[in-house]
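Dear colleague,

I am passing on the structure below, together with notes on what turned up when I went through it. Please read the notes with the structure open beside them.

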Amino acid sequence: MADEAEAMSDTAFLAQLADIVGAAHVLTEATAQDAYVVDWMKKYRGRALAVVRPADTAQVSAVLHCCNDARVSVIPQGGNTGMAGGATPDDSGRQVILSLGRLNRIREIDPVGNTITVDAGCILANVQAAARESGRFFPLSLGAEGSCTIGGNLATNAGGIAVLRYGNTREQALGLEVVLADGRIWDGLQGLRKDNTGYDLRDLFIGSEGTLGVITAAVLKLQAAPAVRVTALVALPDQDAALKLFVRLGARAGDRLTAFEFMTHSCLDLVLQHVPGTVSPFATVPPAIVLTELSDTDAAADLAGLLENILGDAITAGEAEDAVIAQSGEQAKALWRLREGISEAQVRAGKTIKHDIALPIGRLTAFMRDCETAVEAAFPGLRFLVFGHLGDGNLHYNLQRAPHMTDDDFYALTAPLNAVVHDLVHRYRGSISAEHGVGQLRRDELPRYKPPVAMQIMHDLKRLFDSRNILNPGKLLQS
Ligand code: FAD
Ligand code: MLT
Ligand code: ZN
């Protein structure tokens, strides 16, 4: 009887959704839902009552009002490139995926105020292009920029390769438009650089991973476009040299230092092995490698000369073994491919247990030494893939199985391995989630490391914003 009533109520409920967004944008067939119910890493797979694709903010509001009334959970989804399982439904088949993909208008560009107002479903690369076409620069940049959306970037406070110079997504946002669980719309799109009228609601929603509200639009800062960039790949004798080079570059280049990406030799090995068309500019794969970039808005700036000078001094000081400075845009792209190909190479090479951690920058290499010792002692033979945004103190501390292990044996190590890595991160007063967010991946570990008062405040806020717990339940916080 209950199933029959449920089936009846589902039909009526889905009809209501179809009345709001149009039947073509309520996907109930498993095949039509496939791209939405599995995450990018193929680590999480769920089932959805429906995928709903609203066209605008008013429809998002009506859908949420309807779901809140019916107490049906809503999983906001942008580009589905998240790495914490935050946009994947559970396997109940009772949740609705709210896809923001159709909210993809660039609403306004203000070249004087240096702002761009966009729908949340805009793909990051399209926002970068719109800024470029208006003679400006939108600096947020990450490997998924061709698919990830501004709403997802804000909801995860995404980082990427330009945080060192421009900050995380949080620092790019001036205002938000958000739809609350009950359908109310908060219009916070004034885009003022100063507005001290109470609690910072904007920053509450940024990084909330779809658990407090659905972001439907944002006012973002635009920057002056760099007129000159110079990119180099640097071979290092060891990982300690990376920090010395970072200090040297920062002291000489100042805020023209826009990227400082680190990788161990095993990462470069993996890319050369699995990513077609990649070539190392070095005769042998160095023990550690840095990809760095300087940029300046002044076309006359001799950045290549400056970088050559700094790297020459580093080599003389024994901090670097070799360096290649890109002589063209194409060569710079080829060097970046060696860094950005790591994500893809990991997926191709097999199972990886990932850690997206942040440490106080000055203690990074001490941490890397201690962590390698601790992991080797506890789990001999694992392959270390350590890379990331060293300039932000953010490492992707990823491990692959030892040759003698089966995939199952390896995956069975996830919890104890996480504990070894994250306990050490905690001892170093770092963070177990630097830029990817908590999602479902880190949800159960979070209370082990975050102060109890902070956890209580977050649960209190969740109850206040979403009393029926329909917004992305089980993500970020244990329900
Ligand atoms: P989704 O995956 O769709 O969703 C992510 C989370 O945000 C979910 O919890 C979802 O519920 C929520 N959400 C999505 N849209 C909204 C909305 N409009 N309102 C409220 N909540 C919403 N991340 C980095 O930070 N730095 C990197 O360098 C980086 N590199 C990557 C490289 C590759 C190859 C890939 C595949 C991913 C990478 N990522 C990186 C992870 C991912 O791209 C980011 O987390 C990105 O911000 C997710 O955007 P999305 O639109 O795909 O969000
Ligand atoms: C990156 O910086 O490439 C991603 O954040 C990490 C990853 O793809 O594992
Ligand atoms: Zn990253």
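A polar contact, as the term is used here, is a pair of N or O atoms within 3.5 Å; within protein, one of the two must be able to donate a hydrogen and the other to accept it, and residues adjacent in sequence count only if both atoms are side-chain atoms. By that criterion, a backbone N or O atom of Ile 215 lies 2.9 Å from a nitrogen atom of ligand 1.

Before going further, please note that this is a predicted model, in which local features need pLDDT of at least 70 and side-chain atom pairs count only at pLDDT 80 or more, while totals for chains, interfaces and linings use all residues. Residues are numbered from 1 along each chain as its sequence is written, chains are lettered from A and ligands numbered from 1 in the order in which they are written, and side-chain values use heavy atoms, with hydrogens and water left out.

**Ligand 1**

Taken alone, ligand 1 exposes 970 Å², of which the protein buries 96% (accessible areas come from the Shrake-Rupley method with a 1.4 Å probe, and for residues only the protein chains shown count as cover). The elements that give two or more residues to its shell are strand S3 (74-77), helix H5 (150-155) and strand S10 (214-221), and H5 gives the most, with 4 residues; helices (H or I, at least four residues) and strands (E, at least two) are DSSP runs, numbered from the N terminus. In total 36 residues surround ligand 1, the closest being Pro 76, Gly 78, Thr 81, Gly 82 and Thr 149, where a residue counts as near if one of its heavy atoms lies within 4 Å. That shell divides into 13 nonpolar, 21 polar and 2 charged residues (Ala, Val, Leu, Ile, Met, Phe, Trp, Tyr, Cys and Pro count as nonpolar, Asp, Glu, Lys and Arg as charged, and the others, Gly among them, as polar).

The residues around ligand 2 include Met 83, Ser 343, Gln 346, Phe 387 and Asn 398, and by class its shell has 2 nonpolar, 6 polar and 3 charged residues. Oxygen atoms of ligand 2 take part in several side-chain contacts: one is 2.7 Å from an N or O atom of Arg 339, one is 2.6 Å from an N or O atom of Lys 354, and one lies 2.7 Å from a polar atom of His 436. The protein covers 88% of the 270 Å² of accessible area that ligand 2 has on its own. Helix H12 (329-349) and strand S19 (394-400) are the elements that give two or more residues to this shell, the largest share, 3 residues, coming from H12.

His 396 in strand S19 and Glu 435, in the loop between helix H15 (414-427) and helix H16 (446-449), are 39 residues apart, a link between distant parts of the chain. Both His 396 and Glu 435 are buried (under 20% relative accessible area, with exposed meaning over 50% and partly exposed in between; 1.4 Å probe, protein chains only).

**Salt bridges**

How many salt bridges does a search of the whole structure find? There are 23, a salt bridge being a side-chain nitrogen of Lys or Arg within 4 Å of a carboxyl oxygen of Asp or Glu. In one of them, the closest N and O atoms of Asp 119 and Arg 105 are 3.1 Å apart. Asp 119 lies in strand S6 (residues 115-119) and Arg 105 in the loop between strand S4 (96-99) and strand S5 (106-110), so the pair ties together parts that are 14 residues apart in sequence. Asp 119 counts as buried, at 0% relative accessibility, whereas Arg 105, at 46%, counts as partly exposed. Arg 105, Arg 107, Asp 119 and Glu 177 are linked in a network of salt bridges.

Arg 448 forms another salt bridge with Asp 423, at 2.6 Å between the closest N and O atoms, and this pair links helix H16 to helix H15 across 25 residues.

With best regards
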